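Q: Can you walk me through this model? I'll ask as we go.
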Amino acid sequence: MDNASAPVRVLEKCSDTNFFEHGYIQMNPDIKSYVENGGDAEGHFRQYGVNEVRFQFTREFSEYMESDALSHKYDRYKKLLGLGDAGHVYLRNELSFPVSVSEDHYKLSDYLAESANDSFPPFLKDIEDNPDGIFMDLGCGLRKEVYPNCIYVEVYPSTTADIVVGTECRYPFPDNTFDAIGCFSVLEHTKNPWSVAREIHRMLKPGGRCYIDWPFLAPVHGYPSHYFNATREGLKLAFGDGFEIDDCRSWHSQGPDYSINWILNSLVKQLPPEERDFVSGLSIGELMSAQPQGNLWKRILGSLPESVIEELAAGNSLIATKTL
């Protein structure tokens, strides 16, 4: 892979040998506030950040953002993507990514923090193997690396987003544009995932590929809303029309270990201290043998706020009255 198509590393763990003050401040909003109030970023890192396993933006990414790379990328793809100066707003510099194409999008302040998940390896391999292709990362969040031949799309001005779109699940890009589209841990947060699937089909070139990661047994998580999880059958149904499904399975980051770890940690961490110690001391066998709605679970659930019950619930019931 030549330098023109090589990815730019965005994030890295801070260490004694790579500490980069500017990247440390920009990556960590609390540190930015701390410095604005007279604090010392490097002093904070030495005293706290090492043990907190903090991340920072890389020097490479800082130089990338300060260079003309994003203006070159904008100039290269604006016509292909159907972007017109009257139809979008430049968010940093004129004639450069990032741009917003809708007023109906979220703000960064709507999020507790930017998601920074790893990208899907087969999608990254496709990007790397086809440097002359054009790719889209739909709902990119804060990516750990960015590629020059991939357009990063979000519903809020993420640090690594090229284009900010509205929340209505319609995308202002021409038909038959992209060689591949990746959409990872996004569809559960959309109000109409079936529309997104149709839009992905519309925007792909004939023979283009989609790479989809859609959680199933994942607790409620915001960013800023969470609507739909999907089984494998649901995932195949959503992408059944107009696609030939090549593979549908649980990858290494989607196994039962993640579900169990997430649920148990979320349950225990949000208990009062004395109940946290009690539940942490139970064996797996004791938890498995405890009957739902029995005394043990009544004790545990009685110590949890309703927000945690909603987050980890097995299901929900609705009663409604017709108004029209």
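A: First, a term: helices (H or I, at least four residues) and strands (E, at least two) are DSSP runs, numbered from the N terminus. This is a predicted model: local features need pLDDT of at least 70, side-chain atom pairs count only at pLDDT 80 or more, and totals for chains, interfaces and linings use all residues. Residues are numbered from 1 along each chain as its sequence is written, and side-chain values use heavy atoms, with hydrogens and water left out.

Q: Which element gives the largest share of the lining of the largest cavity?
A: Helix α4, with 3 residues.

Q: What does cavity mean here?
A: On a 1 Å grid over the protein atoms alone, a cavity is a set of points where a 1.4 Å probe fits but cannot get out; lining residues have an atom within 4 Å of a point.

Q: On to the sheet. What is the strand order?
A: The open sheet runs β4-β5-β9-β8-β6-β10-β11, 7 strands with mixed pairing. Two strands pair if DSSP finds at least two bridges between them. The edge strands, β4 (89-90) and β11 (204-213), each pair on one side only.

Q: How do β8 and β9 run?
A: Parallel, with 2 bridges joining β8 (150-154) to β9 (163-164). V153 is opposite I163 of β9.

Q: Now α9. Which residues are buried there?
A: S259, S266, L267 and V268. Buried means under 20% relative accessible area, with a 1.4 Å probe and protein chains only.

Q: What covers them?
A: The cover includes α10 (273-280), α12 (295-301) and α13 (306-312). Contact means heavy atoms within 4.5 Å.

Technical notes
Buried < 20%, exposed > 50% of the residue type's maximum accessible area, 1.4 Å probe, protein only.
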